[in-house]
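Here is my note on the model, as numbered points. Please read it with the structure open.

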Amino acid sequence: KSECIYTKHMCLDGKQINLEIYDPCSQPRQGKLSLTDELHWADGFVIVYDISDRASFAVAKALLYRIRECQSGASKRASESAVVLVGNKQDLCHIREVGWEEGQKLALDYKCQFCELSAAEHNQEVATMFTKLLKNIPSNSKGKEKRRPSGSKSMA
């Protein structure tokens with residue numbers, strides 16, 4: 001299986017960080033997206049749904065459930081992965097199917113950050129979201145399978 005991994009180098013609080021971003025949604029898959037492998041190596045998760053597509057919100061909810069279920073199960077870790085729920089396509093608010101309040105409530109229910117943005121129109125909002133998420137990842141993510149060299153952060 002070919003992975004779709006984007007690499008980004010950035011500076012955070014004076015430290016160089018090598019960010020690996022795995023995009024499972026860009027890969028054609030049979031059945032449901034389970035994130036089984038990614039749950040073991042990712043330091044953080046960015047779960048994105050389209051505010052103009054209720055079905056994508058349902059998928060986001062299922063993914064949040066899967067992440068938290070795994071963290072509270074047998075593979076419980078010293079610290080939970082940082083997670084942010086993102087309502088994308090804010091520029092399409094005129095055909096919105098998922099309200100801001102629904103996204104906020106889901107994020108509260110699953111104890112994760114929440115934001116709405118338009119990746120197409122405001123890429124600075126995307127950068128800000130990643131920076132906030134990175135600040136919530138402990139610098140020593142113990143108990144994770146090593147997928148990357150020291151000094152790197154991985155997200156799914």
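1. Start with the salt bridge between the side chains of E116 and R96, at 2.9 Å from N to O. The term asks for a side-chain nitrogen of Lys or Arg within 4 Å of a carboxyl oxygen of Asp or Glu. This pair links distant parts of the chain: E116 sits in strand β5 and R96 in the loop between β4 and α3, 20 residues apart. Helices (H or I, at least four residues) and strands (E, at least two) are DSSP runs, numbered from the N terminus. E116 counts as buried at 11% relative accessibility. R96 counts as partly exposed at 29%. Here buried means under 20% relative accessible area, exposed over 50%, and partly exposed in between, with a 1.4 Å probe and protein chains only.

2. A word on the basis. This is a predicted model, in which local features need pLDDT of at least 70, side-chain atom pairs count only at pLDDT 80 or more, and totals for chains, interfaces and linings use all residues. Residues are numbered from 1 along each chain as its sequence is written, and side-chain values use heavy atoms, with hydrogens and water left out.

3. How many salt bridges does a search of the whole structure find? It finds four. Another of them joins the side chains of K89 and D50, at 3.4 Å from N to O. K89 is in the loop between β4 (82-88) and α3, D50 is in strand β3, and the two are 39 residues apart. K89 counts as partly exposed at 34% relative accessibility. D50 is buried at 14%.

4. D50 has a further partner. Its side chain makes a polar contact with the side chain of S52, at 2.6 Å. A polar contact is a pair of N or O atoms within 3.5 Å; within protein, one must be able to donate a hydrogen and the other to accept it, and residues adjacent in sequence count only if both atoms are side-chain atoms. S52 lies in the loop between β3 (44-50) and α2 (54-72). S52 is buried, with a relative accessible area of 15%. Leaving aside residues up to four places away in sequence, S52 touches L92, I95, R96 and E97; contact means heavy atoms within 4.5 Å. R96 is also the partner of E116 in point 1.

5. Now helix α3 (residues 100-109). Which of its residues are buried? They are G103, L106 and A107. These residues cover an arc of only 100 degrees around the axis, so they lie on the same side of α3. The arc is that of the directions from the helix axis to the C-beta atoms. E101, K105 and L108 are exposed on the other side. K105 also forms a salt bridge with D109, the closest N and O atoms being 2.9 Å apart. Both residues lie in α3, four residues apart, about one turn of the helix. D109 counts as partly exposed at 44% relative accessibility. Just after α3, K111 takes a positive phi of about 50 degrees.

6. The structure holds two aromatic pairs. Y49 and F57 are edge-to-face, at 4.8 Å centre to centre and 70 degrees between the planes. Rings of Phe, Tyr and Trp (its six-membered ring) pair if their centres lie within 6.5 Å; planes under 30 degrees apart count as stacked, over 60 as edge-to-face and the rest as tilted. Y49 is buried at 1% relative accessible area. F57 is buried at 10%. The rings of W100 and F114 are also edge-to-face, because their planes stand at 65 degrees, with centres 5.7 Å apart. W100 lies in α3 and F114 in strand β5 (residues 113-116), so this pair ties together parts 14 residues apart in sequence. W100 counts as partly exposed at 41%, whereas F114 is buried at 16%.

7. Last, the cores. A nonpolar core is a set of buried Ala, Val, Leu, Ile, Met, Phe, Trp, Tyr and Cys residues joined through side-chain atoms within 4.5 Å. The largest has 18 residues, and I47, Y49, L64, V83, L85 and C112 touch the most other members. Elements giving two or more residues to this core are β3, α2, β4 and α3. The largest share, five residues, comes from α2. Not counting residues up to four places away in sequence, C112 touches L64, R68, V83, L85 and A107. A second, separate core of 14 residues includes V46, L117, L133 and L134.
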